[in-house]
Structures are given as structure tokens and as C-alpha cells.
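Hello,

Here is the structure I promised to pass on. My notes follow below it.

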Amino acid sequence: MKENLKIVVLAKQVPDTRNVGKDAMTPEGTVNRAALPAIFNPEDLNALEMALTLKDSVKGATVHILTMGPQRAADIIRDAMFRGADGGSMSIGTHKVSNVKSEDNCTESKSSIRSLVLKIIKRAT
């Protein structure tokens, strides 16, 4: 395998819907994020674990996490680093990253994501 492999994991903090109460939904029919604790998206956590497994098998490999959301979303970067990631980057709130202005709906194009990942990799070297 290639040495100095740099792996970027895209991850999001999501509402924990395992124990949903009556106040979990707003009158408008959307999720009441204030009523539910936020957790590391389980599928993204699987991706992180696979990246860390790959890191362990490739000499010099690094793992960085990329997330977006409100300030509390930084918790998943800390969680990822506790699990073995080497660093992370975050877009906070409505801070404009490429063409995205939403903290809840990230629909970046492939080229925009590629641009962000390249910036992270460049910073990691």
C-alpha cells in the first residue's frame, strides 16, 4: 500500500432518535433538535472505524475528520480524535463553505467537497 496515505472522513452530528418522546417533533413536523441529544452519526462512525483500521495497516497514514454544524458539533471531532483520528476540521453554523450556507443541509457538489478535502490534506502535511 502507499505510504503517507491521508484519509478524510466526512461525519455529521445527528439527533439521537433511539428514545423519542412526545416533544421530539415540532408543530411544523420537523425534528425538535433541542429535545433530543446529539450523537455521532452511526454510519459515519463506521466509516471512521474503517479509516482507523486502514491507518493501522499503512505506515505513515493519517485520519482527519470533516464535519459541519453548530459549535457543539465539535464534540464528534474530539470523539474521533479520542478514537485515534489525527485531527479534524469543522464549518460552524451558517459560515459559508463553498456554496453551502445551511447548518442542517449539506448538499455540496463533488468538486466543492474535493476542494475542502484537498485543503485539509494540505494542512495535514
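E49 counts as partly exposed because its relative accessibility is 34%. The cut-offs: buried is under 20% relative accessible area, exposed is over 50%, and partly exposed is in between (1.4 Å probe, protein chains only).

Some ground rules. This is a predicted model, in which local features need pLDDT of at least 70, side-chain atom pairs count only at pLDDT 80 or more, and totals for chains, interfaces and linings use all residues. Residues are numbered from 1 along each chain as its sequence is written, and side-chain values use heavy atoms, with hydrogens and water left out.

**Salt bridges**

E49 forms a salt bridge with R83, with the closest N and O atoms 3.3 Å apart. The pair links distant parts of the chain: E49 sits in helix α1 (residues 42-57), R83 in helix α2, 34 residues apart. A salt bridge here is a side-chain nitrogen of Lys or Arg within 4 Å of a carboxyl oxygen of Asp or Glu. Helices (H or I, at least four residues) and strands (E, at least two) are DSSP runs, numbered from the N terminus. R83 is partly exposed, at 37% relative accessibility. E49, D79 and R83 are linked in a network of salt bridges.

The count comes to 5 salt bridges. One of them joins R78 and D75, with closest N and O atoms 2.5 Å apart. These two are 3 residues apart in α2, so about one helical turn separates them. Another joins R18 and D16, at 2.7 Å between the closest N and O atoms. R18 is exposed at 65%, while D16 is buried at 11%.

**Helix α2**

Which residues of α2 (residues 74-83) are buried? They are A74, I76, I77 and A80. Just after α2, G84 takes a positive phi of about 130°.

**D86**

D86 lies in the loop between α2 and β5 (87-92). D86 is partly exposed, at 35% relative accessibility. Its side chain makes a polar contact of 3.1 Å with that of K55. Such a contact is a pair of N or O atoms within 3.5 Å; within protein, one must be able to donate a hydrogen and the other to accept it, and residues adjacent in sequence count only if both atoms are side-chain atoms.

Best wishes
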